[in-house]
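We will go from one selection to the next.

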Amino acid sequence: MSDTNNILSLLEDFTLDNPDDIAKSMADDLRKRRIEKNITRDQLAEQSGVAVSNIVRFEQKGLISLRNLISLAMALGYTSELKNVFAQPKYSTMEELTQIRKNSNKKKAHKV
């Protein structure tokens with residue numbers, strides 16, 4: 001059964017292809033981490049400085065400002081994970097990797 005759960009979780013990662021689904025998945029994960037640490041919404045609000053109503057809205061609907069998301073991540077100890085979300089270049093083809101390497105020292109993009 002464990003193998004089935006692992007396969008399903010991998011498949012789930014590939015089906016999250018729109019912003020709403022990703023936001024809701026992140027909200028579900030935050031709720032799980034909060035509960036694992038035995039932290040109430042009120043306690044998280046106090047630790048993070050984010051209003052309880054914003055935490056509720058995020059956990060239920062996946063809606064939150066970036067600033068509040070960062071504050072929640074910091075309060076739960078996920079600062080580096082959030083801070084490094086764009087730290088490494090991503091590519092899907094060798095041509096894209098070549099272009100990334102070519103542009104790595106540029107300060108801004110130009111029209112092609």
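Select Ser-48. Ser-48 is buried, because its relative accessible area is 14% and buried means under 20% (exposed is over 50%, partly exposed in between; 1.4 Å probe, protein chains only). Its place is in helix H3; helices are DSSP runs of H or I, at least four residues, numbered from the N terminus. Leaving out residues up to four places away in sequence, Ser-48 touches Ser-71, Leu-72 and Ala-75, where contact means heavy atoms within 4.5 Å.

This is a predicted model, with residues numbered from 1 along each chain as its sequence is written. Local features need pLDDT of at least 70, side-chain atom pairs count only at pLDDT 80 or more, totals for chains, interfaces and linings use all residues, and side-chain values use heavy atoms, without hydrogens and water.

Next, select helix H5, residues 66-76. Its buried residues are Asn-68, Leu-69, Ser-71, Leu-72, Ala-73 and Leu-76. Their cover includes helices H2 (19-36), H3 (41-48), H4 (52-61) and H6 (79-83). Step past the end of H5 to Gly-77, where phi is positive, near 85°.

Now pick Ile-70, also in H5.

Last, show H3 with H4. Their axes (lines fitted to C-alpha atoms over the stretch in contact; angles run from 0 to 180 degrees between N-to-C directions) come within 9 Å and cross at roughly 115°. At this crossing, Arg-41, Asp-42, Leu-44 and Ala-45 in H3 meet Val-52, Ile-55, Val-56 and Glu-59 in H4.

Conventions. Helix = DSSP H or I, 4+ residues; strand = E, 2+ residues; numbered from the N terminus.
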